[in-house]
Amino acid sequence: QVQLVESGGALVQAGGSLRLSCAASGTIFSISTMAWYRQGPGKQRELVATITSGGYTNYAGSVKGRFTISRDNGKRMVYLQMNSLKPEDTAVYYCKADLRQYSTSRLVSYWGQGTQVTVSS
């Protein structure tokens, strides 16, 4: 079994910062791309940022320059540093990992349960 567990969500004032963490555990051979998504109230889930196993990153235009995704391959962790937060960043944030459980397995996507980020104006 594989588990992804996010942490770090909180209520913060506009202009503040938060750091989200996501830990992957269980039977894992390798992790490819890791990502953060978010789903705001009444909105569809959207991609926030991705990071490959080699450290290449990509960001949604709405967060570029404010958010930074990083990972620790040894610890099987992915992080999202969020600065200059805005009320429109309010959402449940989910991490996703594309991984193989065994060397012969196909790549499968796993999701965490989400962590709430609320930005007050």
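Ser 84 is partly exposed, with a relative accessible area of 42% (buried means under 20%, exposed over 50%, and partly exposed in between, using a 1.4 Å probe and protein chains only). Welcome to this predicted model, in which local features need pLDDT of at least 70, side-chain atom pairs count only at pLDDT 80 or more, and totals for chains, interfaces and linings use all residues. Residues are numbered from 1 along each chain as its sequence is written, and side-chain values use heavy atoms, leaving out hydrogens and water.

**The sheet**

- Four strands form an open sheet in the order β1-β3-β8-β7, with antiparallel pairing (strands are DSSP runs of E, at least two residues, numbered from the N terminus; two of them pair if DSSP finds at least two bridges between them).
- At the edges sit β1 (2-7) and β7 (67-72), each pairing on one side only.
- On average, neighbouring strands of this sheet are turned by 15° against each other, direction ignored (axes are lines fitted to C-alpha atoms, and angles between N-to-C directions run from 0 to 180 degrees).

**Strands β3 and β8**

- Strand β3 (residues 18-26) runs antiparallel to strand β8 (residues 77-82), and six bridges join them.
- Ala 23 has Met 77 in β8 as its bridge partner.

**Two loop residues with positive phi**

- Most residues other than glycine have a negative phi.
- Arg 76, in the loop between β7 and β8, is not a glycine, yet its phi is positive at about 55°.
- With 29% relative accessibility, Arg 76 counts as partly exposed.
- Ser 84 belongs to the loop between β8 and β9 (91-100), and its phi is also positive, about 50°, although Ser 84 is not a glycine.
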